[in-house]
Amino acid sequence: MAGPPRTRDPQSVLFACAMNSVRSPMAESLLRHMFPQGLYVKSAGARKGELDPFAVTVMAELGQDISTHKPQTFEELEDWEGLNFDLIITLSPEAHHKALELTRTLAADVEYWPTHDPTTIEGSRDQKLAAYREVCDQLLLRIRRRFAKVGAASG
């Protein structure tokens with residue numbers, strides 16, 4: 001239902017999920033790692049959460065350290081640095097609703113990437129980690145597909 005994608009590449013991207021504790025920090029780190037200089041990347045949540053240790057573990061397996069990530073809400077991000085993003089990628093229904101509200105006053109494109117919440121998985125530590133890895137893999141695939149053309153690097 002979104003309009004056609006912008007012809008120019010986004011310069012700044014905000015990933016958003018429910019609590020900024022698993023999905024959006026993972027996505028933020030993945031994209032930042034892919035384009036260390038090319039893009040300004042942040043993440044936020046519809047509500048405030050605590051950084052999830054399973055998310056930290058799964059990202060560490062990829063050599064990415066998100067252990068210092070401080071979950072924040074849209075409001076906190078806006079207070080600290082403003083919401084000057086070209087593109088907001090939402091990963092949960094709650095965040096998507098919030099982002100659409102914001103676009104009444106922001107000129108940002110919004111894309112919805114429905115992403116499973118791995119915190120709902122019951123089971124052993126290994127089963128839980130497997131669910132987080134799956135979410136991480138899905139995010140990485142989406143990010144690669146979406147941003148392959150940025151900086152003319154494809155692959």
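This is a predicted model: local features need pLDDT of at least 70, side-chain atom pairs count only at pLDDT 80 or more; totals for chains, interfaces and linings use all residues.
**Exercise 1. The pairing of β1**

Task: Find which residue of β3 is the bridge partner of alanine 16.

Solution. 
- Step 1. Residues are numbered from 1 along each chain as its sequence is written, and side-chain values use heavy atoms, leaving out hydrogens and water.
- Step 2. β1 and strand β3 (residues 87–90) have 4 bridges, in the parallel sense.
- Step 3. Read off the partner. In β3, alanine 16 is bridged to threonine 90.
- Step 4. Turn to β2. Alanine 16 stands opposite alanine 44 there, and leucine 14 has lysine 42 as its bridge partner in β2. Strand β1 (residues 12–17) and strand β2 (residues 40–45) pair in the parallel sense over 6 bridges.

**Exercise 2. The sheet and its helices**

Task: State the order of the strands in the open sheet, then place the helices α1, α4 and α5.

Solution. 
- Step 1. The 4 strands run in the order β2-β1-β3-β4, with parallel pairing.
- Step 2. β2 and β4 (109–112) are the edge strands, each pairing on one side only.
- Step 3. From one strand to the next, the twist averages 20 degrees. Axes are lines fitted to C-alpha atoms, for helices over the stretch in contact, and angles run from 0 to 180 degrees between N-to-C directions.
- Step 4. Helix α4 (residues 93–102) lies across β1, β3 and β4, at about 165 degrees to β4. Helix α5 (residues 125–147) also lies across β1, β3 and β4, at about 155 degrees to β3. Contact means heavy atoms within 4.5 Å.

**Exercise 3. Burial of β1 and its cysteine**

Task: Decide how many residues of β1 are buried, and how many disulfides there are.

Solution. 
- Step 1. Set the cut-offs: buried is under 20% relative accessible area, exposed over 50%, partly exposed in between (1.4 Å probe, protein chains only).
- Step 2. Count: 6 of the 6 residues in β1 are buried.
- Step 3. Apply the disulfide rule (a pair of cysteine sulfur atoms within 2.5 Å). The count is 0 disulfides.
- Step 4. Check cysteine 17. The nearest cysteine sulfur belongs to cysteine 136, 13 Å away.
- Step 5. Compare accessibility. Cysteine 17 is buried at 2%. Cysteine 136 is buried at 3%.

**Exercise 4. Aromatic pairs**

Task: Classify the pair of phenylalanine 15 and tryptophan 113, then that of tyrosine 40 and phenylalanine 85.

Solution. 
- Step 1. Rings of Phe, Tyr and Trp (its six-membered ring) pair if their centres lie within 6.5 Å; planes under 30 degrees apart are stacked, over 60 edge-to-face and the rest tilted.
- Step 2. The structure has 3 aromatic pairs. In one of them, the rings of phenylalanine 15 and tryptophan 113 have centres 6.1 Å apart and planes at 65 degrees, so the pair is edge-to-face.
- Step 3. Phenylalanine 15 is in strand β1 and tryptophan 113 in the loop between β4 and α5, so the pair ties together parts 98 residues apart in sequence.
- Step 4. Phenylalanine 15 is buried at 0% relative accessibility, and tryptophan 113 is buried at 3%.
- Step 5. Tyrosine 40 and phenylalanine 85 are stacked, with 6.0 Å centre to centre and 25 degrees between the planes.
- Step 6. Tyrosine 40 belongs to strand β2 and phenylalanine 85 to the loop between α3 (74–81) and β3, so this pair ties together parts 45 residues apart in sequence.
- Step 7. Tyrosine 40 is partly exposed at 37%, whereas phenylalanine 85 is buried at 5%.

Key:
Two strands pair if DSSP finds at least two bridges between them. Helices (H or I, at least four residues) and strands (E, at least two) are DSSP runs, numbered from the N terminus.
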